[in-house]
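Please find below my notes on the model you sent. They are set out as numbered points, to be read beside the coordinates.

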Amino acid sequence: MSEQTDLPVYGSTPATNPTEHTVPAKVTVPALMARKGTAKKIMCLTAYDYPTARLVDEAGFDLILVGDSMANVVLGHASTLKVSLDQIISATRAVKRGADRPLVVADMPFGTYHVSRADTAINALRLIREGGAQAVKLEGGRNRAHLVRALVDADIPVMGHIGLLPQSINSRGGYRVQGKTAAGARGLLEDALALQDAGAFAIVLEGIPAQVARRISERLLIPTIGIGAGGGCDGQILVFHDVVGLSFGPPPKFVKRYANVADIMRKALGELLVDMRSGEFPAALHTYQVSEELPENWDFDL
Ligand code: KIV
């Protein structure tokens, strides 16, 4: 039988957040929209699990995206196409347990809004009801506006996503910066206006020249969140693992790396390995003791 203990098991994270972690002013969709036209930038980051969500919340970010970038940075796939709806739902649940204040937005994975309006609504509802997300995000502009409208009509807040679209890797032949020409820039503005008309509450602008993203942001009544789109957007978003140095290989040009957590982990794991090998770990400090003197023969008859 296992020993009963009230010590934390597997990490010192309590099942519920301690009160000092609770910040009262929860970010809502209307609160985010009200930032448009103010000097208050909207700060966003991805997260896919409980500890990361807690850290992102504690740091003061406004929005957490449970992005399909999870496919790359957590699951080790080469593209975002492989992550499933169930995986995003499970990650969103964990993020919700760690995030009190930020708005939690769940990405709709590839294939979950590509068949029909009904399918799209059913899948988005699962992200809200089972995952606990407060909003969903999907990629595309004019070609997806009818789906955004269907979700908004079903009371599901939607964040749009235009420009470089990782889910379009096959149809576009790779990851390409969009809107570099006048025609391309016009097309992006048309996409943005169509999403706004369809009821999106914000739009991610990814991989777009800074001048174009700034102009689109000026023309819209809803906030824009930039990633590789310069400083003229209403907010910014990056992938958590890129920022802290937990993704492998050189980060994209638009990423600023603020730490090298992989190196810190490598060092810690190397030291643990040495201690395990030598018997230095576990020391008395990390070892339980009996609470009474055991008789000599306590195990003789077994
Ligand atoms: O999946 C993702 O991480 C995204 C970006 C906007 C960061 O869609």
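This is a predicted model: local features need pLDDT of at least 70, side-chain atom pairs count only at pLDDT 80 or more; totals for chains, interfaces and linings use all residues.

The points below go from the overall layout to salt bridges, the nonpolar core and backbone details.

1. The protein chain holds 11 helices and 8 strands. Along the principal axes, its C-alpha atoms fill a box of roughly 85 × 40 × 40 Å.

2. Burial and contacts. The protein chain has 302 residues, and 46% of them count as buried. Taking contacts between residues at least 6 apart in sequence, 60% join residues at least 24 apart. The accessible surface is about 16700 Å², with 57% of that area belonging to carbon and sulfur atoms.

3. Charges. Side chains of opposite charge can pair when their charged atoms come close. Over the whole structure, a search finds 13 salt bridges.

4. Asp62 pairs with Arg101, and their closest N and O atoms are 3.2 Å apart.

5. Arg149 and Asp153 form a salt bridge whose closest N and O atoms are 3.6 Å apart. The two residues are 4 apart in helix 6 (residues 145-153), which means about one helical turn separates them. Arg149 counts as partly exposed, with 35% relative accessibility, whereas Asp153 counts as exposed, with 58%.

6. Glu271 is partly exposed, with a relative accessible area of 43%, and Lys267 is exposed, with 56%. Elsewhere, shared partners link salt bridges into one network made up of Arg35, Asp62 and Arg101.

7. In soluble globular proteins, nonpolar side chains tend to be buried together. Here the largest nonpolar core has 76 residues, and Leu151, Phe201 and Leu205 are those with the most contacts inside it. Helix 8 (residues 182-198) supplies the largest share of this core, 7 residues. Leaving aside residues up to four places away in sequence, what does Leu205 touch? Its contacts include Ile162, Ala213, Ile216, Thr224, Ile225, Ile227 and Cys233. Ser217 and Gly226 are also among them.

8. Backbone details. Most residues other than glycine have a negative phi, and most peptide bonds are trans. Two places deserve a look on that account. The peptide bond joining Phe281 and Pro282 is cis, with omega about 0 degrees; Pro282 is in the segment after helix 11. Asp155, although not a glycine, has a positive phi of about 70 degrees. Asp155 belongs to the loop between helix 6 and strand 5 (158-163), and at 71% relative accessibility Asp155 counts as exposed.

Conventions:
Residues are numbered from 1 along each chain as its sequence is written. Side-chain values use heavy atoms; hydrogens and water are left out. Buried means under 20% relative accessible area, exposed over 50%, partly exposed in between (1.4 Å probe, protein chains only). Contact means heavy atoms within 4.5 Å. Accessible areas come from the Shrake-Rupley method with a 1.4 Å probe; for residues, only the protein chains shown count as cover. A salt bridge is a side-chain nitrogen of Lys or Arg within 4 Å of a carboxyl oxygen of Asp or Glu. A nonpolar core is a set of buried Ala, Val, Leu, Ile, Met, Phe, Trp, Tyr and Cys residues joined through side-chain atoms within 4.5 Å.
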